[in-house]
Amino acid sequence: MDKFDTIQFLAVMSAAYPSFEVTDERIEVWYEIMFPIHLPLALNVLKDIMKTPREFAPSIGMVYNACVTRKHQMLDKLETVERLSNLKLLESKPAVTPEEI
């Protein structure tokens, strides 16, 4: 996330958790930690957290770690799909006979 994305993210968090105040210092800290995370991923994670019963805003560590976990899960699924696609390609190729070798 860039700084603008960070501000957007924190605005959503502030709207969901009124006790969470967005300050310049908080923007800087969240930006430094969350910069490798894409905004759509962070917002999806935040929405899932908001669906749980909690009175206070989640910590930056909680959000960051949930984003990293979700990203790894997504990459694992993509890898599985790719492997299955490769298997299907192999199955569709005709077998090689000993004479062809």
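Trainee: In what order do the elements of the protein run from the N terminus on?

Mentor: The order is α-α-α-α. The protein has four helices and zero strands. Helices (H or I, at least four residues) and strands (E, at least two) are DSSP runs, numbered from the N terminus. A word on the source: this is a predicted model, where local features need pLDDT of at least 70, side-chain atom pairs count only at pLDDT 80 or more, and totals for chains, interfaces and linings use all residues. Residues are numbered from 1 along each chain as its sequence is written, and side-chain values use heavy atoms, with hydrogens and water left out.

Trainee: What share of the residues in the protein is buried?

Mentor: Start with the cut-offs. Buried means under 20% relative accessible area, exposed over 50%, and partly exposed in between (1.4 Å probe, protein chains only). Here, buried residues make up 22% of the 101 residues. The protein exposes about 7,500 Å². Carbon and sulfur atoms supply 60% of that area. Accessible areas come from the Shrake-Rupley method with a 1.4 Å probe; for residues, only the protein chains shown count as cover.

Trainee: Which residues are buried in α3?

Mentor: The general idea first. An α-helix has 3.6 residues a turn, so residues three or four places apart point the same way. Now the case. In α3, the buried residues are Leu39, Leu41, Ala42, Val45, Leu46 and Ile49. They cover an arc of only 160 degrees around the axis, so they sit on the same side of α3. The arc is that of the directions from the helix axis to the C-beta atoms.

Trainee: How far does helix α3 reach from its first C-alpha to its last?

Mentor: Helix α3 covers residues 39-50, twelve residues, and reaches 16 Å. That is close to the 16 Å expected at 1.5 Å a residue. The expected span is 1.5 Å times one less than the number of residues.

Trainee: How many aromatic pairs does the structure hold?

Mentor: Two. Rings of Phe, Tyr and Trp (its six-membered ring) pair if their centres lie within 6.5 Å; planes under 30 degrees apart count as stacked, over 60 as edge-to-face and the rest as tilted. Phe9 and Trp30 form a tilted pair, 5.7 Å centre to centre with 40 degrees between the planes. This pair links distant parts of the chain: Phe9 is in helix α1 (residues 3-16) and Trp30 in helix α2 (residues 24-34), 21 residues apart. Phe9 has a relative accessible area of 0%, so Phe9 is buried. Trp30, at 5%, also counts as buried. Phe20 and Trp30 form an edge-to-face pair, 6.2 Å centre to centre with 90 degrees between the planes. Phe20 lies in the loop between α1 and α2, ten residues from Trp30.

Trainee: Which residue lies over the face of Phe20?

Mentor: Arg26, at 4.4 Å from the ring centre. A charge sits over a ring if NZ of Lys or CZ of Arg is within 6 Å of the ring centre and within 35 degrees of the ring normal.

Trainee: With which residues is Met62 in contact, leaving aside its neighbours within four places in sequence?

Mentor: Contact means heavy atoms within 4.5 Å. Met62 is in contact with Ile49 and Arg54, those neighbours left aside. Met62 is found in helix α4 (residues 60-92). At 35% relative accessibility, Met62 counts as partly exposed. Met62 and Ile49 are 13 residues apart in sequence and 9.4 Å apart in space, C-alpha to C-alpha.
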